[in-house]
Amino acid sequence: MPFVRIDAIGTDKLEALGNAVHDAMVETLGIPADDRFQVLNGRSTLKYDDYLGIQRDEGVVFVAITMRPGRTDEQKKALYRRIAELAEEYSGTEPRNVLVTINETDLVNWSFGNGEAQYA
């Protein structure tokens, strides 16, 4: 049930990046393969600096994942690594350009349709 939003400059790599993030979540978090909810956004501009000494460029990708709580810190770290690896493999995006955030929210905060809170 993770909800993923990916923002990148241009649209040429979005499908590959979406696949990279999804495959990484299946591998590291054990989400079902058919559990894909993504918004892929091609932008003309994204703002970023070299925070923490990481030299980013126009290949920067922002990945925001909203999911339920319960994953361990080790699972999240493995997810970050695998997203960076697969983003490079699938789309040529350098790992230094992959910024990932996770927002955890309780199950009552999800509706998958029909105006219902299916997991509440």
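Which side chains meet in a salt bridge with an N to O distance of 2.6 Å? They are those of Arg-96 and Asp-57, a salt bridge being a side-chain nitrogen of Lys or Arg within 4 Å of a carboxyl oxygen of Asp or Glu. Arg-96 lies in the loop between α2 (73-91) and β4 (98-104) and Asp-57 in the loop between β2 (37-43) and β3 (61-67), so the pair ties together parts that are 39 residues apart in sequence. The helices (H or I, at least four residues) and strands (E, at least two) named here are DSSP runs, numbered from the N terminus.

This is a predicted model, in which local features need pLDDT of at least 70 and side-chain atom pairs count only at pLDDT 80 or more, while totals for chains, interfaces and linings use all residues. Residues are numbered from 1 along each chain as its sequence is written, and side-chain values use heavy atoms, with hydrogens and water left out.

**Salt bridges**

By the salt-bridge rule, the count comes to seven.

| Pair | N to O distance |
|---|---|
| Arg-96 and Asp-57 | 2.6 Å |
| Arg-96 and Glu-94 | 2.8 Å |
| Arg-82 and Glu-85 | 2.9 Å |

Arg-96 counts as partly exposed at 30% relative accessibility, where buried means under 20% relative accessible area, exposed over 50%, and partly exposed in between (1.4 Å probe, protein chains only). Glu-94, which also meets Arg-96 in a salt bridge, is partly exposed at 36%. Elsewhere, salt bridges that share partners join Arg-5, Asp-7 and Arg-43 into one network.

Arg-82 and Glu-85 are three residues apart in helix α2, and therefore about one helical turn separates them. Arg-82 is partly exposed, with a relative accessible area of 23%, and Glu-85 is likewise partly exposed, at 41%.

**Helix packing**

Helix α1 (residues 14-29) packs against α2 at an angle of about 145°, with the axes 8 Å apart; axes are lines fitted to C-alpha atoms, for helices over the stretch in contact, and angles run from 0 to 180 degrees between N-to-C directions. The residues in contact (heavy atoms within 4.5 Å) include Leu-17, Val-21 and Met-25 of α1, and Leu-79, Ile-83 and Leu-86 of α2. Arg-82, the salt-bridge partner of Glu-85, is also among the α2 residues that make this contact.
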